[in-house]
Amino acid sequence: MVYFILSRIARAVITVALVVTFAFVVLRLSGDPALMIMGPEAPPEVLAAFRSAWGLDLPIWQQYFSYFGAIAQGELGRSMRDGRPAIELVLERIPSTLALTLPALAMKVGIGLPAGIYAALHRGGPIDRLVMTLAVAGFTVPSFVLGLVLVLVFSVMLGWLPSGGQDSWRHAILPVLTLGIGGAAILARFTRSAMLEVLGQPYMRTALAKGVPWHVAIRSHALPNAAIPTVTIIGFMVGTLIAGAVVVESVFSWPGVGRLLVVAVANRDLAVVQCILLLVAATMVASNLLVDFLYGYLDPRLRTGARAGAH
Amino acid sequence: MTLVAIEGLTVDFDGVRVLHGIDLHVGKGEAVGLVGESGSGKSVTWLAALGLLPGKARVGGRVKLEGADILGAPDQTLDRIRGGRIAMIFQDPASALNPVLTIRRQIGESLALHRGLSGAAIKAEARRLLDLVGIPDAERRLSAYPHEFSGGQNQRIMIAMALAGNPDLLVADEPTTALDATIQAQILDLIRDIRRETGMALVLISHDLGVVAQTCDRVCVMYAGRIVEEAPAAVLFDDPAHPYASGLIGALPAIEGPRQRLSAIAGTVPDPRALPPGCSFGPRCLHATGACTQAPPALTTFGDGRRMACVLAKYRLEPTAIARELVDA
Amino acid sequence: MSATTPLVEVEAIARRYTMKKGVFGAPIEVRAVDGVSFSIRRGETLGIVGESGSGKSTTGRMVLGLEMPDAGTVRFDGAAIPPIGGAEWRRQRARMQMIFQDPLAALDRRLPIAAQVREPLDIHLIGNEAEREARVVELLRDVGLSADHGRRYPHELSGGQRQRAVLARALATRPDFLVCDEPVSALDVSIQAQVVNQLIDIQAALGLAMLFISHDLRVVRQVSRRVGVMYLGRIVEEGDADDLFATPVHPYTRALVSAAPHPGRKPTERIVLTGDPPNPADRPSGCAFHPRCAFAVARCRVESPVLADLGAGRQVACHLASPAGAGGVPTGPKLPALEVA
């Protein structure tokens with residue numbers, strides 16, 4: 001078991017390192033931060049001073065190693081724009097983002113799961129068809145389109161809700177809906193197919209054949225099995241809590257981590273971008289770890305390991 | 001004394017009839033075999049009788065348990081009958097058990113439903129049942145999951161679960177097909193021992209004539225959704241009357257005695273969507289005549305408890321009929 | 001080459017895997033096949049029976065050269081099997097073919113049957129265009145399929161017809177040797193009989209050497225002249241098919257024969273083995289069968305018996321078996337109680 005945990009954690013660390021390396025290389029090859037931040041009209045000596053202050057005049061591999069060395073000591077760098085520690089800038093935006101993504105996650109699970117289960121249990125019925133139509137629409141329409149449509153209807157035409165900003169809880173409704181609808185649709189489809197698969201298993205027939213009432217068989221035999229694949233997709237959704245709202249935050253001018261990322265990328269504010277990516281990779285990897293351990297809890301076949309089988 | 005009487009049972013899937021009026025009685029404590037190839041309707045018969053077919057199936061006819069009609073009975077009634085009066089076990093025990101629930105939980109469920117047990121009483125009785133079906137170290141194994149047992153042990157657990165409700169009838173659907181020969185022998189022995197102790201009736205559904213012959217008192221041979229012959233087991237295997245039944249027995253290689261060429265039945269089982277006119281076996285039958293395409297022959301009862309659905313039945317089972325007809329002519 | 005020289009000679013082949021017990025356990029060695037020897041002459045069929053985990057399928061794969069043995073040798077027509085994948089191997093593969101349990105898995109769903117039967121002719125450049133066309137029709141006819149069947153796709157055929165199509169394809173290169181691994185196990189009894197008859201006819205007509213692997217004793221006896229019984233990676237008894245099933249000597253063979261259900265046999269004659277089928281990853285000491293054997297003595301727990309010739313064409317790996325007397329058959333261990341029965 002210790003071996004299992006250690007190997008998973010080692011894999012997680014490697015994943016994070018790869019993400020950060022990739023971002024490091026791409027960012028540095030795609031534009032000069034000095035020009036972006038100081039402006040194209042800045043005199044050459046100012047640019048040179050800026051570069052030397054941030055170590056941008058060193059060879060890229062040297063920058064890379066000093067960056068990783070700093071991370072190892074818990075130092076995530078400072079924003080090139082205002083000199084504040086990057087981690088501080090990012091952390092102060094996280095509550096804003098969570099104010100959107102947490103209610104949206106609740107909506108995805110709260111609507112997607114029951115809708116998927118209900119659709120599977122009434123396969124081919126009118127509700128199933130409705131759920132599936134909505135589900136297809138929900139995840140084929142991109143979130144910026146959905147967001148703009150919601151703004152058009154509820155802000156522009158009806159005037160019920162504000163179209164952007166973060167002044168009251170009412171400002172959060174449209175962005176949360178935009179995030180939640182698509183996710184609920186994906187989860188509904190996934191849950192439905194997981195449930196249908198389980199309902200066709202021989203053990204469901206066994207349960208009914210021994211006199212277990214239908215609704216009890218669903219609750220105590222089908223759901224625990226259908227939960228196993230469904231956990232994967234929910235785990236993925238948990239992994240996007242920090243960075244899953246980049247587009248929506250931009251559409252609704254919501255000052256969260258996503259907006260910070262967009263601005264930082266545009267400015268080549270390397271430390272901030274890398275800090276966010278590190279955080280995002282870490283949440284993704286952490287949620288994956290969580291899913292792995294949840295699997296072990298939900299599925300006894302993984303707990304005890306594969307049985308030594310004969311062929 | 002009849003325990004279960006199935007009368008004129010029909011099943012249609014999406015408008016296609018797959019079961020064409022099954023008449024079948026199972027007496028108290030009796031062991032009845034249902035033999036046939038895939039698609040013959042032997043499993044569908046009992047799944048339909050117990051209301052276990054998917055919703056799209058249309059079921060007609062009557063199924064009576066000690067005289068009371070159970071086909072289309074309310075769910076509460078059926079839930080008491082399933083597992084309580086009539087228990088069922090299936091072909092692949094590993095997938096017939098729920099992989100995420102402990103054995104104790106799965107056996108305990110039946111004990112709670114049908115015997116009203118709870119708590120420590122469930123554990124004690126579940127352990128007794130595991131002992132009874134020959135699972136060693138029952139106390140400890142109760143908290144194990146299906147994947148921790150071998151195929152043969154899983155089928156023993158299925159049997160323990162079936163016994164939990166003290167049923168009057170066990171319907172065993174290909175219980176040993178997925179198991180090795182030596183394990184198959186163990187499971188068949190176990191079922192026979194349990195029947196000897198409890199007097200439980202048995203319906204054994206199998207494609208393997210050998211398995212049925214050794215276990216059952218009476219055998220029904222099914223073909224394309226109909227019973228084509230029914231006879232006491234010993235009689236059927238020594239002297240099959242229906243051309244399909246004798247074809248099946250002839251197709252079985254012998255394990256002793258001189259080796260003979262197998263008498264294969266030509267052709268294949270017909271598609272239920274396109275049954276041949278008249279007798280479904282007609283196109284594959286060596287004895288088919290023009291009369292066979294007129295109408296499906298009725299399952300007719302003869303003196304010594306035999307039934308047969310074939311235009312030749314009376315000649316096979318009542319040799320005097322030929323003489324009488326000659327005299328009449 | 002004279003008819004008496006074996007076409008296939010298998011000597012002490014073994015196949016070992018390392019397997020981890022559970023996710024966290026230490027790797028252990030599993031001996032799937034553990035020193036199997038036999039030979040097959042032209043026109044002869046050797047049957048191999050065994051239950052799951054006996055290593056019978058792995059044996060078949062090694063004989064075909066699909067898996068390389070970790071020890072021992074396989075010789076085909078006097079020469080060792082060339083390394084997998086080379087030109088030499090491909091040439092030899094044309095002379096040895098196989099059919100498996102699931103014909104649907106062996107066929108390409110997107111191609112009509114005739115095209116698949118023809119494929120080996122194209123690969124091995126046999127004949128010209130017209131000759132290949134004619135050969136396909138001939139092959140289909142040989143296995144009892146019509147030209148119309150040839151135009152259909154695998155899913156449009158029944159299980160028995162698919163297995164015939166696989167057989168036709170296997171025969172396309174006029175092989176000398178055919179390995180059949182559970183070829184009829186997935187088929188209904190009436191169809192099984194059709195395919196078994198077909199196999200026997202074709203084997204006789206073409207003078208094929210055949211290795212016929214199955215768990216079904218009745219089918220193996222029907223097809224084979226000689227039969228080997230495998231248990232946990234070893235042959236525990238080998239002999240003439242009729243004799244072996246009539247007077248099995250090894251206690252495992254006796255249990256297996258008595259467990260084979262057959263109409264007309266009384267269940268009371270059955271020897272029921274206790275215990276589960278053996279796990280190759282957890283091989284008992286001494287004779288691998290001793291934990292399930294009613295006759296086992298102290299010696300069986302420590303010393304592994306070798307396959308010994310007991311006369312009358314029978315080889316048995318059992319400490320308690322006795323050689324055949326003059327004109328008699330070898331005998332296995334006896335228990336007083338069993339002699340009464």
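This is a predicted model: local features need pLDDT of at least 70, side-chain atom pairs count only at pLDDT 80 or more; totals for chains, interfaces and linings use all residues.
A helix crossing is called left-handed if the near helix is turned anticlockwise from the far one by less than a right angle.

Start with chain A as a whole. Its secondary structure is helices and nothing in the way of strands: 14 of the former, zero of the latter. Reading along the sequence simply gives one α after another, α-α-α-α-α-α-α-α-α-α-α-α-α-α. The C-alpha trace of chain A stretches over about 85 × 60 × 30 Å along its principal axes. Chain A has 311 residues, and 36% of them count as buried. As for who meets whom, take the contacts in chain A between residues at least 6 apart in sequence: 74% of these join residues at least 24 apart.

Now for the helix pair. Helix H5 of chain A covers residues 86-121 and helix H6 of chain A covers residues 126-140. Their axes come within 8 Å and cross at roughly 135 degrees. Angles over 145 degrees would count as roughly antiparallel and 65 to 115 as roughly perpendicular, so H5(A) and H6(A) are oblique to each other. The crossing in which H5(A) passes H6(A) is left-handed. On the H5(A) side, the residues that meet H6(A) are A:Ala115, A:Tyr118 and A:Ala119. Facing them from H6(A) are A:Ile127, A:Asp128, A:Val131 and A:Met132. By class, this contact of H5(A) with H6(A) has six nonpolar residues, one charged residue and no polar ones.

Next come the places where chains touch. Between chains A and B, 21 residues of chain A are in contact with 27 residues of chain B. On the chain A side, the elements giving two or more residues are helix H9 (202-209), helix H10 (214-239) and helix H14 (300-303). H9(A) gives the most, with six residues. This side of chain A is made up of 10 nonpolar, six polar and five charged residues.

Chain B also meets chain C, in a contact that takes 37 residues from chain B and 38 residues from chain C. Four helices of chain C give two or more residues to the side that touches chain B: H8 (189-206), H9 (217-223), H10 (241-246) and H11 (251-259). Here H8(C) gives the most, with eight residues. Sorted by class, the side of chain C that touches chain B comes to 19 nonpolar, 11 polar and eight charged residues.

What about the inside? The largest nonpolar core has 270 residues. Those with the most contacts inside this core are A:Val272, B:Ala160, B:Val203, B:Val221, B:Val228 and C:Ala168. Helix H8 of chain A, residues 169-199, gives the most to this core, with 13 residues.

Helix H1 of chain B, residues 42-49, has eight of its eight residues buried. These include B:Lys42, B:Ser43 and B:Thr45, along with B:Val44, B:Trp46 and B:Leu47; B:Ala48 and B:Ala49 are also among the buried residues of H1(B). After H1(B) comes B:Gly51, with a positive phi near 65 degrees.

Conventions
Residues are numbered from 1 along each chain as its sequence is written. Chains are lettered from A and ligands numbered from 1 in the order in which they are written. A residue is buried if 20 or more other C-beta atoms lie within 10 Å of its own, exposed if 12 or fewer, and partly exposed in between; C-beta atoms are placed from the backbone. Two residues are in contact if their C-beta atoms, placed from the backbone, lie within 7 Å. Ala, Val, Leu, Ile, Met, Phe, Trp, Tyr, Cys and Pro count as nonpolar, Asp, Glu, Lys and Arg as charged, and the others, Gly among them, as polar. A nonpolar core is a set of buried Ala, Val, Leu, Ile, Met, Phe, Trp, Tyr and Cys residues joined through C-beta atoms within 7 Å. Axes are lines fitted to C-alpha atoms, for helices over the stretch in contact, and angles run from 0 to 180 degrees between N-to-C directions. Angles under 35 degrees count as roughly parallel, over 145 as roughly antiparallel, 65 to 115 as roughly perpendicular and the rest as oblique.
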